[in-house]
Amino acid sequence: MAGEPVNVNEFQELARKVLPKMYYDFFAGGAEDEYTLKENVEAFHRITIQPRILVDVSRIDISTVILSHKTSAPIILSPSAAHQLAHPEGEVATARGAAACNVIMGLSFMSTCTVEEVASSCNAVRFFQTYVFKRRDVTEFMVRRAENNGFRAIILTADTPRLGRREADIKNKMISFRLRNFEGLISTDVVSDKGSNLAAYTEETLDPSLCWKDIAWLKSITKLPILIKGVLNGEDAMKAIEAGVVGIIVSNHGARQLDYSPATISVLEELVQAVQGKAPVLLDGGIRLVDQLSMAWLLRENLV
C-alpha cells in the first residue's frame with residue numbers, strides 16, 4: 001500500500017499484513033458462515049443520505065452527552081478483548097487514544113492489560129464491560145474493582161451464554177491469551193486438542209443460566225449505572241428498561257456470536273422506537289467509515 005492510510009479499511013489491510021494469521025483471524029472473523037459479519041457492513045451500503053443545500057456549515061459541533069459525560073463526538077470505543085495481541089501497549093494505548101480524542105472507552109472483561117493499568121494511564125472516561133461467570137464471586141470482584149478504580153458505568157454483555165462457533169479460531173487452534181485481570185482469582189489455563197482454547201475456556205467459565213432476574217443481582221453489587229449490550233429487538237429493549245438498565249447497546253457482538261442474526265443498523269430504528277427516549281440507544285457492528293457513524297447517529301436521533 002503506497003502512502004499513509006486514509007480510510008479505515010486500509011488499516012485493516014495493514015493489520016492483515018503484519019499480524020500473525022491466528023491473531024488477525026481472531027480480530028477480523030465472525031461466527032460460522034460469517035453471513036452476519038458481511039451483512040453488518042452491507043446493510044450500511046444500502047442506506048443513502050439525502051443532502052440539503054445552502055445550509056451554514058462553517059461551524060460544526062458533533063459533541064454530545066452520554067450518561068452525563070460530555071464527549072467530542074457520539075462515539076464510545078466498544079469493548080473488545082486482547083488488544084495486546086495487536087500492540088504491546090494494548091488497552092493502555094487505546095485508553096490514551098480515547099482520552100486524546102475526548103471520547104469514552106469501553107474496557108473489556110477479557111482485556112490483556114489490568115483494570116488498574118488502564119485506570120492509571122490517563123483521564124479517559126471509562127466504562128467497564130462484564131460477562132457473568134459461573135463463579136459469581138469473580139464477576140462481583142471485577143465489577144467492584146472497576147468501580148473502585150474510577151470507571152463510570154458497567155456494560156453487561158448479554159448475548160454470550162456460550163461462545164459463538166468461530167470457525168477460523170477452531171482451524172487455527174486459537175490459543176487463549178493471558179488474562180491478567182483474573183490471575184489469583186480463577187485458573188486461566190485451559191488445554192484442549194479440539195480446536196480453540198479460548199472457546200474451551202469460556203465454556204468452562206461463562207454462566208449459561210444468565211437471565212433477566214440477574215440484572216437485579218448485578219445492580220445489587222454496584223452503584224454504577226448499567227448498560228446492556230447485545231439487544232436486537234424492541235421487546236428485549238423494553239424488558240431491559242423495565243429491569244432498570246440506563247442504556248441499550250444494539251449489538252450482535254460484531255457478528256461473532258449467532259450467525260444469521262440481523263445487521264445492527266437494520267434494527268436500530270425499531271429499538272429507538274421501543275425505548276421511546278427512556279434511555280440512550282447506542283450501536284456497534286459494521287461501522288467502518290465516518291459517514292457510516294454519522295448515519296447511525298442520525299438514525300438514532302430520528303433525523304433521517
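These are my notebook entries on a predicted model, going from the whole chain down to single residues.

**Ground rules**

I number residues from 1 along each chain as its sequence is written. Since this is a predicted model, I take local features only at pLDDT of at least 70 and side-chain atom pairs only at pLDDT 80 or more, while totals for chains, interfaces and linings use all residues, and side-chain values use heavy atoms, with hydrogens and water left out.

**Entry 1: the overall fold**

I started with secondary structure and found twelve helices and nine strands. Helices (H or I, at least four residues) and strands (E, at least two) are DSSP runs, numbered from the N terminus. Next I looked up the radius of gyration: it is 19 Å, close to the 19 Å from the globule rule for 304 residues, so the protein is as compact as a globular protein of that length. That radius is taken over C-alpha atoms, and the rule is 2.2 Å times the number of residues to the power 0.38. Along the principal axes, the C-alpha atoms fill a box of roughly 65 × 50 × 40 Å.

I then asked what share of the 304 residues counts as buried. The result is 47%, where buried means under 20% relative accessible area, exposed over 50%, and partly exposed in between (1.4 Å probe, protein chains only). Contacts (heavy atoms within 4.5 Å) came next: among those between residues at least 6 apart in sequence, 69% join residues at least 24 apart.

**Entry 2: surface and charge**

The accessible surface comes to about 15700 Å², and carbon and sulfur atoms hold 53% of it. These areas come from the Shrake-Rupley method with a 1.4 Å probe; for residues, only the protein chains shown count as cover. I also checked the charges: the mean positions of the 33 positive and 37 negative ones are 3 Å apart. Here Lys and Arg count as positive and Asp and Glu as negative, without His and the chain ends; each charge is placed at NZ of Lys, CZ of Arg, CG of Asp or CD of Glu.

**Entry 3: salt bridges**

How many salt bridges does a search of the whole structure find? I got 14, each being a side-chain nitrogen of Lys or Arg within 4 Å of a carboxyl oxygen of Asp or Glu.

I looked at Arg144 and Glu140, whose closest N and O atoms are 2.9 Å apart. Both lie in helix H6 (residues 136-148), four residues apart, about one turn of the helix. Arg144 is partly exposed at 38% relative accessibility, and Glu140 is partly exposed at 25%.

Arg165 and Glu167 also pair up, at 3.0 Å from N to O. Arg165 is partly exposed at 46%, and Glu167 is partly exposed at 24%.

Lys213 and Asp214 bridge at 3.6 Å. Is Asp214 buried or exposed? Asp214 is buried, at 7%, whereas Lys213 is exposed at 63%.

Ala124 sits in the loop between helix H5 (115-121) and strand E5 (126-130). With 6% relative accessibility, Ala124 counts as buried. Leaving out residues up to four places away in sequence, Ala124 touches Ala95, Ala98 and Ala99. Ala124 and Ala100 are 24 residues apart in sequence, with their C-alpha atoms 8.0 Å apart.

Last, I listed the buried residues of helix H8 (residues 197-205): Asn197, Leu198, Ala200, Tyr201, Thr202 and Thr205. Helix H2 (21-28) is included in what covers them.
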